[in-house]
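Colleague: Please pick one part of this model and go through it closely, then set it in its surroundings. Give the cut-offs as you go.

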Amino acid sequence: MADKTGSAEIAEIKPINKLTLKQRLMSYKRKPLSLVMLLLVALAALISAAALVFIIVYVLVRGIPNLTPELFSLTYNSDNVSCMPSIINTVLLTLLTILISVPFGIGSAIYLAEYAKKGSKLVKVIRTMAETLAGIPSIVYGLFGMLFFVYTLNWGYSLLAGAFTLAIMVLPTIMRTAEEALLTVPDSYREGSFGLGAGKLRTIVRIILPSAMPGILAGVILAVGRIVGETAALIYTYGSATGYTTGLLSSGRSLAVHMYVLTNEGLHTDQAWGTAVVLLVLVFGINTLSAFIAKKLGNKKG
Amino acid sequence: MREYFDLELANLNNRLIGMGTLVEKAIKDAVEMITNGNEELLKAAREQEEVINSSENKIQNQCIRLLLHQAPVAADLRYVSSALKMITDLERIGDQAIDIAEMTQYIRNRSSVVNMTHIQEMAEQAAKMVTLAIDAFVKKDIDLAQTVSRSDDVIDGLFDKVKNETVELIHSNKELGCEAIDLMMIAKYLERIGDHAVNIAEWVAFSITGSREF
Amino acid sequence: MDKFTIDKMNLYYGKFHALKDVTLHMPENKITAFIGPSGCGKSTLLKSLNRMNDLVEGCKITGDIRLDGEDIYGNMDVNVLRKRVGMVFQKANPFPMSVYDNIAFGPRTHGIKSKRELDRIVEESLRDAAIWDELKDRLKKSALGLSGGQQQRLCIARALAVKPEVLLMDEATSALDPISTGKIEELCLKLKDDYTIIMVTHNMQQALRVSDNTAFFLLGEMVEYNTTDAVFSSPKDKRTEEYITGRFG
């Protein structure tokens with residue numbers, strides 16, 4: 001074991017393996033192109049960061065003054081466009097969509113990664129389809145959801161129709177990320193488990209899924225992000241009723257749709273900005289929470 | 001593959017042949033001393049014995065180094081370990097040859113009546129065995145080695161003859177007690193040289209086949 | 001008494017004839033070493049002994065392999081076979097869970113649920129693998145935090161926890177430092193009183209130090225099989241001699 005040196009002593013050390021400013025300037029003098037490159041990429045990073053910061057600050061500046069208690073009052077009416085019902089609706093919608101899509105997504109990922117023959121035609125077809133579906137604009141899903149769930153199955157504008165439509169929309173994402181996560185689980189874990197006489201099911205449930213969980217979760221988080229931010233697909237399926245959703249077949253509006261409608265009507269632009277802040281905080285909250293969960297699972301692992 | 005190791009083994013082989021040649025010379029000198037007697041030869045033989053000893057040391061160190069560095073197995077292992085054992089026998093032969101030469105000189109200086117015919121015969125037989133054993137090693141010839149092993153009986157028979165003669169010598173002339181003892185010792189040394197030659201032949205066999213039996 | 005018998009075994013990967021007419025009988029409570037150049041089929045043969053080759057696409061086996069006289073490719077349940085024939089892999093592969101859970105995974109798989117029983121098995125296995133003293137205070141810590149040598153001994157302990165009769169070791173020390181290697185070799189010598197060990201090794205000195213019998217493989221063929229002493233002091237086949245003395249190819 002190396003001796004522990006006090007941090008004060010370490011601070012005093014002058015390492016010879018760090019370039020001094022003078023050395024750095026010298027090296028740029030020799031290779032001016034590398035200085036140009038450095039400046040270009042630094043500029044790119046700066047502009048990107050500035051754009052993001054600008055949007056967030058802009059939303060906050062316009063929105064925070066409008067975060068009045070009335071905005072969170074329990075009931076919505078045309079005078080006070082409270083976003084409380086849509087917050088609750090968003091949570092319900094998200095939960096239901098995840099509940100529908102995750103079992104299917106993970107299930108098919110397990111099939112593709114663990115059971116299907118490596119490199120079989122079926123797997124390739126499914127993968128290509130999933131990738132294609134992931135790239136389709138959400139309005140197409142909305143249209144499909146409207147025709148199939150709302151009209152053909154006659155569910156009307158409803159939570160169920162919205163959740164199913166979004167579930168189909170996020171399924172490819174969940175499936176692909178889960179499959180990737182399963183494929184990155186080293187084969188040595190499988191060998192180790194089989195080598196101890198564990199069957200396929202036990203190996204998957206006890207060894208592979210726990211190892212792949214952070215990756216799978218990342219896909220679910222991505223899906224949640226899309227669900228919370230979705231508008232186009234929801235307008236045609238979940239509708240835009242202003243109240244609380246009271247049942248599976250009851251219509252409602254999610255936060256994003258709520259914001260869209262407010263902006264569209266042009267009567268409550270201030271409240272729309274306030275809602276934007278709420279949405280921002282919600283997304284931030286979800287991300288933090290999921291990062292926390294991922295870390296928890298990761299800690300258990302590493 | 002393993003060029004360096006092969007080079008080292010060839011080098012070891014050359015050294016062993018060199019040492020064998022020296023020992024062969026030593027025993028031939030001893031025979032010459034018994035037959036003709038020669039002060040000069042004795043002096044040369046003493047110097048040669050030093051060379052044999054240092055040769056043994058060098059070979060021994062090389063063998064140990066090869067065992068350490070190359071961890072030889074199979075034929076390589078048998079060869080190196082045989083070499084390690086053989087040099088002990090060779091060195092003993094060298095020692096005994098010089099002892100024989102010295103004692104012969106001593107007897108010659110004291111008396112000329114002692115009959116050395118059978119000793120001479122023994123010496124020639126021993127020299128032949130040593131030469132054969134070294135030949136067997138150089139040529140890696142299992143048949144030659146076997147010949148050495150078989151001819152040990154001849155030298156043992158001669159030893160018995162010399163023993164009887166010595167007993168008679170003491171009976172006939174009590175003055176010659178000292179010479180008689182020396183004579184006996186020379187015979188014993190020659191008989192031992194025969195045994196060492198057989199040992200060498202057996203190590204040659206081991207190196208070739210992995211068994212010391214023929 | 002032969003623990004494992006292989007008779008006229010052939011193995012194909014697709015069209016590649018990987019093992020040719022192998023006949024090999026391995027005695028109980030002995031350490032048998034498989035040596036040979038890379039790609040000679042020794043690892044493939046080892047993996048056939050607990051049917052790990054079943055997982056490989058296009059792998060076809062003919063012939064007869066028996067454990068205690070029972071055909072392992074017959075009616076024997078593959079999971080039961082793998083319980084009886086444990087395996088330690090080239091690269092230590094502890095599961096991403098605690099030391100305790102790693103060891104308990106096997107016993108739990110085979111239906112042991114009692115906490116007391118599991119505690120006992122975990123301790124006993126770690127003791128048998130000569131790593132109890134190092135790990136007894138970190139049973140709840142992740143196994144991935146251990147050193148390479150500790151991980152490999154943990155994997156041995158994990159294999160021992162299901163009470164196998166045979167232990168297959170596939171180059172189990174090739175990634176380890178000499179000290180860890182030495183510890184595992186010592187362990188093998190200790191374990192052979194209770195287990196039959198079959199190991200694949202690239203380290204001939206290891207085969208010499210540890211094994212009782214050695215089989216030499218070349219191009220899918222078993223060239224020579226004899227006591228380790230005999231193989232390494234007086235090999236019968238010229239190819240064996242060339243390989244072990246390093247004058248191969």
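Modeller: Helix α2 of chain B crosses α3(B) in a left-handed sense, meaning that the near helix is turned anticlockwise from the far one by less than a right angle, whereas clockwise would be right-handed. On the α2(B) side the contact is made by L42(B), A45(B), R46(B), E49(B), I52(B), N53(B), E56(B), I59(B), Q60(B), C63(B), L66(B) and L67(B). On the α3(B) side the residues are V80(B), A83(B), L84(B), I87(B), L90(B), E91(B), G94(B), I98(B), A101(B), E102(B) and Q105(B). By class, the contact of α2(B) with α3(B) consists of 14 nonpolar, four polar and five charged residues. Here Ala, Val, Leu, Ile, Met, Phe, Trp, Tyr, Cys and Pro are nonpolar, Asp, Glu, Lys and Arg are charged, and the others, Gly among them, are polar. Contact means that the C-beta atoms of two residues, placed from the backbone, lie within 7 Å.

This is a predicted model, in which local features need pLDDT of at least 70 and side-chain atom pairs count only at pLDDT 80 or more, while totals for chains, interfaces and linings use all residues. Residues are numbered from 1 along each chain as its sequence is written, chains are lettered from A and ligands numbered from 1 in the order in which they are written.

In chain B, α2 covers residues 39–70 and α3 residues 74–110; their axes are 9 Å apart and meet at an angle of about 170 degrees. The axes are lines fitted to C-alpha atoms over the stretch in contact, and angles run from 0 to 180 degrees between N-to-C directions. The two helices, α2(B) and α3(B), are therefore roughly antiparallel, a term for angles over 145 degrees.

The pair belongs to a chain with seven helices and zero strands. Helices are DSSP runs of H or I with at least four residues, strands are runs of E with at least two, and both are numbered from the N terminus. The radius of gyration of chain B is 19 Å, close to the 17 Å of the globule rule for 214 residues, so chain B is as compact as a globular protein of that length. The radius is taken over C-alpha atoms, and the rule is 2.2 Å times the number of residues to the power 0.38. Along the principal axes, the C-alpha atoms of chain B fill a box of roughly 70 × 35 × 20 Å. Of its 214 residues, 43% count as buried, that is, with 20 or more other C-beta atoms within 10 Å of their own. Of the contacts in chain B with a separation of 6 or more, 81% join residues 24 or more positions apart.

What lies around chain B? Chain A does not touch chain B, and their nearest C-alpha atoms are 32 Å apart. Chain C does touch chain B, with 13 residues from chain C and 10 residues from chain B in the contact. On the chain C side, α8 (204–210), α9 (228–233) and α10 (238–244) each give two or more residues. That side divides into five nonpolar, six polar and two charged residues.

How values were computed:
Angles under 35 degrees count as roughly parallel, over 145 as roughly antiparallel, 65 to 115 as roughly perpendicular and the rest as oblique. A residue is buried if 20 or more other C-beta atoms lie within 10 Å of its own, exposed if 12 or fewer, and partly exposed in between; C-beta atoms are placed from the backbone.
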